[in-house]
Amino acid sequence: MAIWKNDEELFSMAKKELFVALVGDVLDKAGFRHQFLPPSIKPLNTGFVVIGRAMPVLEADVFEEVADSNNPLMKKPFGIMFEALDSLKENEVYICSGASPNYALWGGLMSTRAQKLKAAGAVVNGYSRDTNEILNMNFPVFSMGSYAQDQGPRGKVIDYGSSIEFGGIRVHPGDIVYGDRDGVVIVPQQATEEVFARAIEKARGEKLVKKALENGMSTVEAFEKFGIM
């Protein structure tokens, strides 16, 4: 049985007691061995931590603004990005993939709206921009880095709230997105309770190991005694 009552309690415990590498180790032990997003995805500020439920967004490249397209979505600036952004709920993460890395998928005004909606952060498979604005807001954004070229005439959101693929990793609505300076991991929704319960137990055990090592215990002895390293 979980030692937290709701997502808010879980996310608070994770921020206080856990880190991404540890949760990744637990996922490996549980048989989920391909859950990390590409290592190119980094926080704009190394102190940023993001944890929340995935709200996946699918982006597609376009090559000009088209007035006479057969697809009505092509006539909408940014596609349905505004609708996707406005759909964010408290503790959700805007996680976007599908585009080529030729333009920014996230920016300052998007951060302003997301923060107002109490979203947990944004993770995009590409670049972000308006970096100074985002840093001043202290809104957790993870991307390939900063690049100012706008998505306006280059990309459109074509779907949201449905599963996406991000660097070969499937991301479903409601999965947990957890990121810090060492990477971003996706915890499948069905494994949330098992993985985080084990992670909290492991984190508390690691404190005992650290203390033992500080007191002079060898790594061999520590692993034999605690089973953690």
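Where is the place of Ser 111?

1. The model is a predicted one. Ser 111 has its place in helix α4, and it is buried, with a relative accessibility of 0%. Not counting residues up to four places away in sequence, Ser 111 touches Trp 106, Ile 134, Met 137, Phe 139 and Val 141. Two of these residues, Trp 106 and Phe 139, come up again under the next point.

2. On aromatic pairs, the count comes to five. In one of them the ring centres of Trp 106 and Phe 139 are 6.3 Å apart and the planes meet at 10°, so the pair is stacked; the cut-off for stacking is under 30 degrees. This pair links distant parts of the chain, 33 residues apart: Trp 106 belongs to strand β4 (residues 104-106), while Phe 139 sits in the loop between α5 (131-137) and β7 (141-143). Trp 106 is buried at a relative accessible area of 1%, and Phe 139 is buried at 2%. Ring pairs also bring in Tyr 94, which forms a cluster with Trp 106 and Phe 139.

3. Which residues touch the most other members of the largest nonpolar core? That core has 43 residues, and the answer is Leu 37, Tyr 94, Ile 95, Trp 106, Val 123 and Val 177. With neighbours within four places in sequence left aside, the contacts of Tyr 94 include Met 55, Val 57, Met 81, Ala 84, Leu 85 and Leu 88. Also in contact with Tyr 94 are Trp 106, Met 110, Gly 121, Ala 122, Val 123 and Val 157. Another core, of 22 residues, lies apart from the largest one, and Trp 4, Leu 22, Val 23 and Phe 196 are among its members.

4. Val 187 is in strand β12 (residues 183-187). Val 187 is buried, its relative accessible area being 0%. Leaving out neighbours within four places in sequence, Val 187 is in contact with Val 23, Leu 27, Asp 175, Ile 176, Thr 192, Val 195 and Phe 196.

5. At least two lining residues come from each of α3 (81-86), β4 and α4 (108-116). By class, the lining is made up of eight nonpolar, three polar and three charged residues.

6. Asn 91 is placed in the loop between α3 and β3 (92-97), whereas Asn 138 is placed in the loop between α5 and β7. Are these residues buried or exposed? Asn 91 counts as partly exposed, at 22% relative accessibility, and Asn 138 is exposed, at 53%. The loop that holds Asn 138 is also the one that holds Phe 139.

Methods. Residues are numbered from 1 along each chain as its sequence is written. This is a predicted model: local features need pLDDT of at least 70, side-chain atom pairs count only at pLDDT 80 or more; totals for chains, interfaces and linings use all residues. Side-chain values use heavy atoms; hydrogens and water are left out. Rings of Phe, Tyr and Trp (its six-membered ring) pair if their centres lie within 6.5 Å; planes under 30 degrees apart count as stacked, over 60 as edge-to-face and the rest as tilted. Helices (H or I, at least four residues) and strands (E, at least two) are DSSP runs, numbered from the N terminus. Buried means under 20% relative accessible area, exposed over 50%, partly exposed in between (1.4 Å probe, protein chains only). Ala, Val, Leu, Ile, Met, Phe, Trp, Tyr, Cys and Pro count as nonpolar, Asp, Glu, Lys and Arg as charged, and the others, Gly among them, as polar. A nonpolar core is a set of buried Ala, Val, Leu, Ile, Met, Phe, Trp, Tyr and Cys residues joined through side-chain atoms within 4.5 Å. Contact means heavy atoms within 4.5 Å.
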